[in-house]
Amino acid sequence: YAAKVQNSVGEALRRNPRTREAVLNERVRIWPDSAGRIARAKLADSTGDAALDSAITAALTGVPLPEPPPPDMPVPIVLRLSARRP
């Protein structure tokens, strides 16, 4: 399930013009709802750019996941965001 979530998160960040070109190496916590959407996202630490921090959390909030989380899935889900410029 975590790999599916990671793919959805990566896709959402690549679709967003502000986050698409960002260089990242951050951890993000996400809280999926029972319907399988990201209800909340929060960076573990700031990127150092408040506008980018906001863009990341906005890009992730509301993203549909491939399926609802398993009932025993611990939340929040912690993922590592790693991206460099193409």
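In the predicted model, helix α1 makes the greatest contribution to the lining of the largest pocket, supplying seven residues. The space within this pocket amounts to about 190 Å³. Its lining comprises 14 residues, of which Gly-10, Leu-13, Arg-14, Ser-82 and Ala-83 are the closest to the centre. Helices α1 and α2 and strand β3 each provide at least two residues of the lining. In terms of residue class, the lining of the largest pocket is made up of five nonpolar, five polar and four charged residues.

Helix α1 also contains Val-9. The relative accessible area of Val-9 is 0%, below the 20% limit, and Val-9 is therefore classed as buried. Beyond the residues up to four places away in sequence, Val-9 touches Ile-30, Ile-38, Leu-60, Leu-79 and Leu-81.

Helix α3 spans residues 50-60, and its buried residues are Leu-52, Asp-53, Ala-55, Ile-56, Ala-59 and Leu-60. Viewed down the axis of α3, these buried residues fall within an arc of 165 degrees, and they therefore line one face of the helix. Ala-50 and Ala-58, on the other side of α3, are exposed. The cover over the buried residues of α3 includes the helices α1 (2-15) and α2 (17-20), together with the strands β1 (24-32), β2 (38-43) and β3 (77-83).

Both ends of α3 show local features. At the start of the helix, the backbone nitrogen of Ala-51 has a side-chain oxygen of Asp-49 within 3.0 Å. Following α3 is Gly-62, with a positive phi near 90 degrees.

With a relative accessibility of 4%, under the 20% limit, Thr-19 counts as buried. When neighbours within four places in sequence are set aside, the contacts of Thr-19 are Leu-13, Leu-52, Ala-55 and Ile-56. Among these, Leu-52, Ala-55 and Ile-56 belong to the buried residues of α3, whereas Leu-13 is one of the residues closest to the centre of the largest pocket.

Strand β1 contains Glu-26. This charged residue is buried, its relative accessible area being 16%. Residues up to four places away in sequence being excluded, Glu-26 touches Leu-43, Asp-45, Ser-46, Thr-47, Leu-79, Arg-80 and Leu-81. Between Glu-26 and Leu-43, which lie 17 residues apart along the chain, the C-alpha separation is 7.2 Å. Leu-79 and Leu-81, both in contact with Glu-26, are also touched by Val-9.

The loop between α3 and β3 includes Pro-76. The peptide bond that leads from Val-75 to Pro-76 adopts the cis form, with an omega near 0 degrees.

Definitions and conventions
Residues numbered from 1 in each chain as written. Predicted model: local features only at pLDDT ≥ 70, side-chain atom pairs only at ≥ 80, totals over all residues. Heavy atoms only, no water. Buried < 20%, exposed > 50% of the residue type's maximum accessible area, 1.4 Å probe, protein only. Helix = DSSP H or I, 4+ residues; strand = E, 2+ residues; numbered from the N terminus. Arc of directions from axis to C-beta. Contact = heavy atoms within 4.5 Å. Polar contact = N/O pair within 3.5 Å; in protein donor to acceptor, adjacent residues only side chain to side chain. 1 Å grid on protein atoms, 1.4 Å probe; cavity = no way out; pocket = protein on both sides within 12 Å on 5 of 7 lines; lining within 4 Å. Points joined across faces, edges and corners; volume = space filled by probe spheres on them.
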